[in-house]
Amino acid sequence: MKISIVSNDPGSKDVYGIAYSAMQQYGIEQYTVANDLILDDFREPTLYIIPIRFVRKFDRDFFEKWLACFFVNQKNTIIFYENTDSNQEIIETFYYKNYFDLFLPFKDNIYICYADNHDRDKFKEIESFNLIQIGHGSFWDINSIKYKTTEQRQNKFLLTTIPRGTHPHRKLLVDGLESRGLLDYHIGRIANPGEKSIARQMSENADTNKFAGKVNINPSGFGMPGMAFNIPWDLYEQVGFEIAPETNYKDVTMITEKTVKSIVAKIPFIILGNYKHYDVLKSLGFKTFDTLIDESFAYEPDLHVRTEKLLNTVDHIAKHGILDFYNSAKEICDYNFEQWLYVKSKSQHECINNIRNLIDDILK
């Protein structure tokens with residue numbers, strides 16, 4: 001069997017290293033690297049390793065033809081993987097484009113690896129596919145840590161978001177904070193709905209020097225190229241806690257940099273995400289602040305009820321002293337920072353090790 005790797009990133013050394021170690025064990029002389037999928041003669045048994053997001057560049061008709069061409073040899077195998085927000089990739093790239101219909105005839109020879117927390121409730125119809133969790137994603141790997149004790153703390157909270165129409169939980173949150181006068185306690189910037197995020201700006205602008213001094217996140221594990229998510233550290237050094245509207249508020253439970261940056265900055269957090277979000281955090285060994293504040297909002301299935309109860313909690317904190325909350329939460333924040341260091345290292349190791357084991361199982 002030969003191994004082929006598809007990548008837009010010539011620096012993806014981790015995947016190449018995994019492939020190379022597998023080759024040595026199973027007597028495979030070389031692997032090939034391509035930056036495209038082409039219709040070819042795949043009669044020689046082949047293992048293809050393809051990033052999930054890479055599939056976006058192909059239209060459905062071509063991809064259907066390529067799959068039929070590739071699986072002429074029934075021993076051929078595909079590993080789709082990501083080490084970024086792969087649960088989101090499964091939804092957007094495969095699920096909503098009905099690619100699982102295309103995979104169905106070949107599903108025993110297709111493995112879909114994901115590296116985050118996958119909420120299976122939405123995907124009961126694809127339970128029969130080979131969905132392999134290889135880790136907890138790359139959002140743990142935040143660089144440029146600049147935490148320091150500061151005397152600049154104010155009786156304020158941090159909220160940076162873009163309340164777009166496609167993210168109704170963000171608009172509900174911002175409107176609710178404004179109606180209660182809670183934005184008077186706000187530091188940060190609520191961007192215009194039509195504005196590009198800093199991550200988007202960075203992905204479109206090769207000159208990233210103007211973003212110096214920001215909080216950077218760089219996906220690791222497979223050396224996957226990724227966008228950087230940035231908020232000035234000095235904001236974290238001035239506030240008593242952060243309100244973070246997560247990427248997903250329903251269907252999918254996924255921890256992103258929006259949660260992790262509060263942990264790295266050692267400030268308390270209040271997350272508006274999926275109603276399972278806090279359970280997932282705790283399952284990874286993190287502590288929340290339920291001994292100090294009412295966190296019952298986090299477990300409400302209904303978004304409107306969840307948001308309203310979150311606003312009640314924020315209102316309570318503001319009235320009783322944001323800095324008092326910050327000081328009371330220091331022990332929990334210190335613990336979460338240490339746990340983040342552990343999870344970060346463990347996740348990187350798991351992603352590499354688990355995909356290596358999968359390749360072993362395929363090649364045996």
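**Entry 1: the salt-bridge network**

I looked up Arg180, Glu308, Asp315 and Lys319 and found them linked in a network of salt bridges. I count a salt bridge when a side-chain nitrogen of Lys or Arg is within 4 Å of a carboxyl oxygen of Asp or Glu. The model is predicted, so local features need pLDDT of at least 70 and side-chain atom pairs count only at pLDDT 80 or more, while totals for chains, interfaces and linings use all residues. I number residues from 1 along each chain as its sequence is written, and side-chain values use heavy atoms, with hydrogens and water left out.

For helices (H or I, at least four residues) and strands (E, at least two) I use DSSP runs, numbered from the N terminus.

Asp315 and Arg180 also form a salt bridge, at 3.9 Å, N to O. Asp315 lies in helix α10, and the two residues are 135 apart in the chain.

**Entry 2: buried or exposed**

I call a residue buried under 20% relative accessible area, exposed over 50% and partly exposed in between (1.4 Å probe, protein chains only). Glu308 is partly exposed at 41%, and Arg180 is partly exposed at 28%. Asp315 has 17% and counts as buried.

**Entry 3: another salt bridge**

I noted seven salt bridges in the structure. One of them joins the side chains of Glu300 and Lys309 at 3.1 Å, N to O. Glu300 is partly exposed at 21%, as is Lys309 at 25%.

**Entry 4: the sheet**

I traced an open sheet of four strands in the order β8-β7-β9-β10, with parallel pairing. Two strands pair if DSSP finds at least two bridges between them. β8 (186-187) and β10 (269-272) are at the edges and have a single partner strand each, so one side of each lacks a neighbour in the sheet. Two bridges join β7 (residues 157-158) to β8, and Leu158 has Ile187 of β8 as its bridge partner.

Helix α5 (residues 168-179) packs on this sheet and touches β7, β9 (241-245) and β10. Contact means heavy atoms within 4.5 Å.

**Entry 5: Asn336**

Which helix holds Asn336? I found Asn336 in helix α12 (residues 330-363). Asn336 is buried, at 2% relative accessibility. Leaving out residues up to four places away in sequence, Asn336 touches Ile263, Phe269, Phe286, Lys287 and Phe289.

How values were computed. Axes fitted to C-alpha atoms, helices over the stretch in contact; angles between N-to-C directions.
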